[in-house]
Amino acid sequence: MFQTRRHPFGALWTEFNQVQDEFAKWLSRAGTPATAPQLTVWEDEHAVYAEADLPGVDPAQLEVTVTEGNQLTVAGERNPPEVAGAVWLRQERPFGKFTRVVGLPALVDADRVEAKYTDGVLRLTLPKHEAAKPRKIVVKGE
Amino acid sequence: MTNLAREAPAQNGPAAPAEERSVTVGPRVDILETEGEFLVVADMPGVKPGDVDIRFEKGELSVHGRRPATREYDPTNYHRVFRVAETVAADRITAELKVGVLTVHLPKVEAVKPKRIAVTG
C-alpha cells in the first residue's frame, strides 16, 4: 500500500531525543501494535469508570460491549493516514483492528452504560448493578 | 523517559507552573512525504486544539501539546523536536488537531519540488 524509504532515519529527518526514542521503543507496546489499547479502570460506590486513549479512531468504528455483567470489551479499528502518492519516512503510530477485554471489579448495569469519545479519548461510565452497591446496615441496639 | 524528554527547552510549550506535577512524553509520530510537502502526524489523545504549540525555527520543528490532568493522571506534555534537512516554506506551515491526532503540513519551497524539464529538439 505504501512505499517505504530504504533509510527512513537518514539525513532527511533527524530527531534530537534519540535516546528517548530508544526508550520509547523499549517501553511501548510496539510488539503488539494497535491490538491492546491501555485501559484505566477505577470505581466509586456508584459506578465503574474506564478510560482509553484511542486517538484517530472513527467513533462509528468503536464497539463497546458488556457481557455477563462485568466483562468489558472495547474493540475498533484505526486507519493509517491516507495521503495520495505519499512515501513514509517514519511510521510509529499503530493501525489496524484492536480488541481489549477486561474484567470489571463489580457487576454493572449494561443498559445504562455511557460512552463518550472526545479528543481521541474514550470515557465510559458503567453504573453499578444494584446488587453490587454497598449497603449500609443499620445496627439496632437493644 | 520522562526526565530525558524534559531536556527539551521549557519555553517551547504553554507554560506550566513550575511546582505543578506533570509528565512529558514523546508522542508516536508518522512522517510522510509527498511531492509538495512533508506531513508530521502525532498522536496526542486528550489534547484540545488550543493547547498545542508548534514552532519552526532554523530548520527545527518542535511540536508540543498539553493534556490537562484527569482524575487518574497528572497533566501530560507531549513534546518532540525534529531537525528538517530539506527546505520548508516556514510561512506556509499549517496544522490541525482532530480526535487526538495532530497533523502538521510543511510545504516544500519551490526549489525543492521536482520539476519536469522540457527537452526541445
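The model is predicted.

Chain A contains 1 helix and 10 strands. Along the sequence, these elements follow the order β-β-α-β-β-β-β-β-β-β-β. The chain has 142 residues, of which 20% are buried. Its contacts reach across the sequence. Among those with a separation of 6 or more, 62% link residues 24 or more positions apart.

The mean pLDDT is 80, and 75% of the residues of chain A reach 70 or more. In residues 17-21 of chain A, the pLDDT stays under 50. The model has 11 contacts beyond four places in sequence for that stretch. Residues 26-34 of chain A also have a pLDDT below 50. Beyond near neighbours in sequence, this second stretch has 10 contacts in the model.

In chain B, strand S4 (residues 52-57) pairs with S5(B). The two strands run antiparallel and are joined by 6 bridges. One of the residues involved is Asp53(B), whose bridge partner in S5(B) is His64(B). S4(B) and S5(B) form a hairpin with 2 residues between the strands. In this hairpin, Lys58(B) takes a positive phi near 50°.

Ala42(B) belongs to strand S3 of chain B, which spans residues 37-43. Ala42(B) is buried, because 27 other C-beta atoms lie within 10 Å and a count of 20 or more qualifies a residue as buried. Leaving aside residues up to four places away in sequence, Ala42(B) touches Pro27(B), Val29(B), Val63(B) and Leu102(B). Pro107(B) lies 65 residues from Ala42(B) in sequence. In space, the two are 17 Å apart, C-alpha to C-alpha.

Ala42(B) is also part of the largest nonpolar core, which has 21 residues. Ala42(B) is among the members that touch the most others, together with Ile31(B), Val40(B), Met44(B), Val63(B) and Leu102(B). Several strands of chain B each give two or more residues to this core: S2 (29-33), S3, S5 (60-67), S6 (76-84) and S8 (101-107). In soluble globular proteins, nonpolar side chains tend to be buried together.

Note on methods: Residues numbered from 1 in each chain as written. Chains lettered and ligands numbered in written order. Helix = DSSP H or I, 4+ residues; strand = E, 2+ residues; numbered from the N terminus. Buried ≥ 20, exposed ≤ 12 C-beta atoms within 10 Å, placed from the backbone. Contact = placed C-beta atoms within 7 Å. Core = buried A, V, L, I, M, F, W, Y, C linked by C-beta atoms within 7 Å. Pairing = 2+ DSSP bridges. pLDDT = per-residue confidence, 0-100.
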